[in-house]
Amino acid sequence: MSTYNDEKLRAVNIIEALRSGVPTRVTTSELPDLRPDLTENIKSDLENFSDNNIPTGRLVWGRYGQGKSHLLTMLEHIALDMNYAVSYITLSREVSCQNLFRFYQHVAPIIRIPDSKVPGIYNKLLGKNIKDLSKTPIQAENRYSHRLPAIVVECMLRAPGTDDFDYLYNDLMGNRLSVSEIRKIVRTAGIGDLMRGLPRFTQSYADAYFGVLPDVIRFCGFRGWVILIDEIELIARLGRVSRLKAYQNLDWLLNVSKNMKYPIYTIGAAATSLQDYWNSTTIRHNDRMMIPDLARERMGDDEENKMNEFFKWAESEHCPKIKPVDSNRLDELLQKVCLQHGIAYEWQLPAFEQIKQFLGNLSIDDPVRTYIRATIEVLDNLLITGNVPRIQTEKLIENSIDEDTGYFDEDVE
């Protein structure tokens with residue numbers, strides 16, 4: 001019976017993660033960085049991050065299967081190593097970003113921090129002292145569009161280890177308490193005056209939560225909040241009004257218009273098919289034309305200009321396209337995959353050049369994911385039967401970006 005030492009267990013985890021196509025921290029740390037120029041630019045953004053220099057985020061473009069998710073996972077680990085808190089979220093039927101507060105409800109609770117396997121900042125906040133709050137901008141009068149989230153934080157720090165602390169933490173994560181419940185807790189904490197004269201809190205004040213949380217993250221000793229958003233192309237499935245709202249929210253989160261005053265840095269990954277959709281000549285009103293026009297009709301010339309600038313920025317050199325991998329780098333990656341397969345299943349592999357011969361049907365333009373899966377298929381067959389059938393590739397099925405107003409749970413115009 002085979003025993004699993006740490007090296008073998010790690011190798012099994014790597015191969016199974018690659019087989020499933022789901023990037024993990026162990027795969028991104030073990031396999032070589034295929035695009036160091038891209039990651040270095042983003043590392044530079046993070047290194048230069050400060051109160052007076054909140055860098056513009058980036059969109060990363062690539063064809064389906066070219067490694068966008070793998071890249072975001074790698075960036076997640078880089079940011080964690082640089083002492084940032086990180087939220088990595090993938091758009092889906094349940095998650096869109098046309099409603100900023102609902103997006104917050106998904107992205108806030110999944111925050112990861114360095115040296116912790118538990119999502120969130122509960123334990124870090126639990127150890128903070130109310131006396132230190134005055135050293136932060138959280139109590140500043142006009143920092144947020146609404147003071148309620150900041151009051152929630154102050155009240156939490158006055159009630160550590162109590163049920164009220166838990167209730168208020170859930171509110172900070174987007175699971176809102178009723179205002180009457182918050183008033184009761186605030187009065188018990190002896191700071192009831194802070195609630196006087198506050199306007200009614202509505203979802204239009206979502207940016208207040210997006211402001212308070214990264215300030216709290218700083219308060220807990222981290223450099224800021226990095227938000228990673230995958231499969232942004234799904235925005236195209238929203239109705240036109242919802243698409244406008246989503247682009248406006250992205251414009252703010254990515255700091256395209258330089259209006260971000262909170263320590264947030266956002267990176268998004270999108271399929272190049274979204275650019276095709278934006279610029280299509282077969283659609284009567286593509287998004288490059290229709291969204292700015294809609295913004296002008298509803299909100300005026302300034303918002304039209306903002307949307308025009310957003311699309312221009314999104315297709316600029318600041319937002320790189322993932323290019324096919326250099327053949328030497330690809331060989332280096334596949335050799336690593338072979339090495340891990342040999343360790344995982346304890347067998348002596350043929351020479352790499354012999355394995356490469358079975359991949360002859362693949363094109364240099366095929367996605368990296370296709371090469372990885374084909375290599376694992378070759379290795380599995382060699383290990384089990386000693387024979388390798390002809391490797392046939394098929395085009396990976398890409399998510400549709402056709403407008404579908406029923407796709408997202410929250411998509412209402």
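I looked first at confidence by element in this predicted model: helix 2 (residues 25-30) is lowest, at a mean pLDDT of 81, and strand 3 (residues 225-230) is highest, at 98. pLDDT is the predictor's confidence in each residue, from 0 to 100; helices (H or I, at least four residues) and strands (E, at least two) are DSSP runs numbered from the N terminus. The chain averages 90, and 93% of the residues score at least 70.

I noted the conventions. Residues are numbered from 1 along each chain as its sequence is written, and side-chain values use heavy atoms, without hydrogens and water. Local features need pLDDT of at least 70 and side-chain atom pairs 80 or more, while totals for chains, interfaces and linings use all residues.

I then turned to His77, in helix 4 (residues 68-81). His77 counts as buried because its relative accessibility is 7% (buried: under 20% relative accessible area, 1.4 Å probe, protein chains only). Leaving out residues up to four places away in sequence, His77 touches Thr24, Arg25, Thr28 and Arg112 (contact: heavy atoms within 4.5 Å).

I checked helix 14 (residues 301-314) next. Its 14 residues should span 20 Å at 1.5 Å a residue, and the end C-alpha atoms are 20 Å apart, which agrees (expected span: 1.5 Å times one less than the number of residues). Its buried residues are Glu303, Glu304, Met307, Phe310, Phe311, Trp313 and Ala314. They pack against strand 1 (58-62), helix 11 (240-253), helix 12 (273-278) and helix 13 (287-299).

Notes:
Buried means under 20% relative accessible area, exposed over 50%, partly exposed in between (1.4 Å probe, protein chains only).
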